[in-house]
Amino acid sequence: MEAAAVSVSHGAIGSLLGKLGDLLAGEYNLLKKAKGEIMFLKAELESMRVFLERMSDAEEEEADKQEKCWAEVVRDLSYDIEDNVDDFMLRVECESNSKPHGFKGFIERSMNLLTTINTRHKIGKELQGLKRRVMEVSERRMRYKVDSTASKPNSTAIDIRLLALYADTAGLVGINEPRDELIEVMLDGDGVCAPQQLKVLSVVGFGGLGKTTLANAIYRKLEGQFQCQAFVSVSQKPNIRKILRNMLSQAGYMVLDQTNMESWDEDQLIRTLRRFLADKRYFIVIDDIWDATTWSIIGCALPENMNGSRVITTTRIVTVATACCSNSYDYLYKMKLLSDEESRKLFFRRVFGSEDGCPTYLEDVSAEILTRCGGLPLAIISISSLLASQPKMLKGQWEDI
């Protein structure tokens, strides 16, 4: 499904670049000038492909009308160029296959030489026409200053998971016990699997329970104990290529000079990750997975080596968590609500700076607020941050909130 979407968004550019490469490889008897036109087309189309990939990576609402219009023109142009290239290749192949061998073939080839040259000149003129169209499209882009969506600032909402990733560990409540429990499981304290097998630990629970916070606490605690580490977030609309690129970058993969990793497709990124991680002990956290298909694609990039590698996934959906834990030695952990004591501790620390800083006149309303929060960490953090920002701590105001 992902591959189909990518194909539609990129037009025929992917397959066309391969065909242009074949033409330049020497299989076809091209005029020198025609080869120059093809090299120009190939270079221009490479740049256009990067633009289309950035457009497909961006959210639909982030792209303006000019960008969408230009992307559509580029896609249409790629289909037209591919039609011309296919026609050219077909004509040359038909000429080669139709001519007999031997003396008769020599005579016929000699008689048809002028016709063949005319055909190649005609093809050369067609390539010149395509070159002019490509130049017109590029000039129009410059004239109207159509820039890549990826380079512009946008008003995308802040991802609240960033708060969990960069939270001060000293201010966390109710995390240490499950963190240490899961680390023991990861390091085979449960005795289920051989220490060297790849093991996936899936953390599941509804939104706001602190899955990301817990996974990040484990990640920080184990930092330095693996050869490669990475922490990537998926979300409801996953950008698979971006996720795989982030994994490669965080794991320490070094890109060769003049290599544009942004132009790589999913298959190339997966193969590169598999080769890079094959002989390493790695630890990767894949946060906020929403469907099993996404996990299946990302999971393809994680080789099941025997180096003691570990993976943590987090999700709100039990069936997805189950899909992540496909082997008998994998482990599924269900998040729990904070206890009353942990809730009070988190709330009072956030509002008053200490567990015993609540004034007497606010104790009753604080208890009511905590009852409403129901042990949900995100709810407690949100409401306590709001209360702490008020210039005066008035009981009536707290009751209204």
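Reader: Over how many bridges do β3 and strand β4 (residues 310–315) pair, and in which sense?

Author: Two strands pair if DSSP finds at least two bridges between them. Here β3 and β4 pair in the parallel sense, over five bridges. One spot to look at is Val-285, whose bridge partner in β4 is Ile-312. By the way, this is a predicted model, where local features need pLDDT of at least 70 and side-chain atom pairs pLDDT 80 or more, while totals for chains, interfaces and linings use all residues. Residues are numbered from 1 along each chain as its sequence is written, and side-chain values use heavy atoms, with hydrogens and water left out.

Reader: What is the strand order in the open sheet?

Author: The five strands run β2-β3-β4-β1-β5, with parallel pairing. At the edges sit β2 and β5 (331–334), each pairing on one side only. On average, neighbouring strands are turned by 15° against each other, direction ignored; angles run from 0 to 180 degrees between N-to-C directions, with axes fitted to C-alpha atoms, for helices over the stretch in contact. Helix α10 (residues 240–251) packs on this sheet and touches β2 and β3, its direction making about 150° with that of β2.

Reader: Is strand β2 (residues 228–233) mostly covered or mostly open?

Author: Mostly covered: five of the six residues in β2 are buried (under 20% relative accessible area; exposed is over 50%, partly exposed in between, with a 1.4 Å probe and protein chains only). Six bridges join β2 to strand β3 (residues 282–289), and the two run parallel. Ser-233, for one, stands opposite Asp-287 in β3. For the protein as a whole, buried residues make up 43% of the 401 residues.

Reader: Now the helices. How do α14 and α16 cross?

Author: Two packed helices are described by the angle and the distance between their axes. The axes of α14 (residues 340–352) and α16 (residues 377–388) come within 8 Å and cross at roughly 30°. That is why α14 and α16 are roughly parallel to each other (angles under 35 degrees). Their crossing is right-handed, that is, the near helix is turned clockwise from the far one by less than a right angle.

Reader: Which residues make the contact?

Author: Contact means heavy atoms within 4.5 Å. From α14 the residues include Leu-346, Phe-347 and Arg-350, and from α16 they include Ile-380, Ile-383 and Leu-387. By class, this contact has nine nonpolar, three polar and one charged residues.

Reader: And how many helices and strands are there in total?

Author: The protein comes to 17 helices and five strands, taken as DSSP runs numbered from the N terminus (helices H or I, at least four residues; strands E, at least two).

Technical notes
Angles under 35 degrees count as roughly parallel, over 145 as roughly antiparallel, 65 to 115 as roughly perpendicular and the rest as oblique. Ala, Val, Leu, Ile, Met, Phe, Trp, Tyr, Cys and Pro count as nonpolar, Asp, Glu, Lys and Arg as charged, and the others, Gly among them, as polar.
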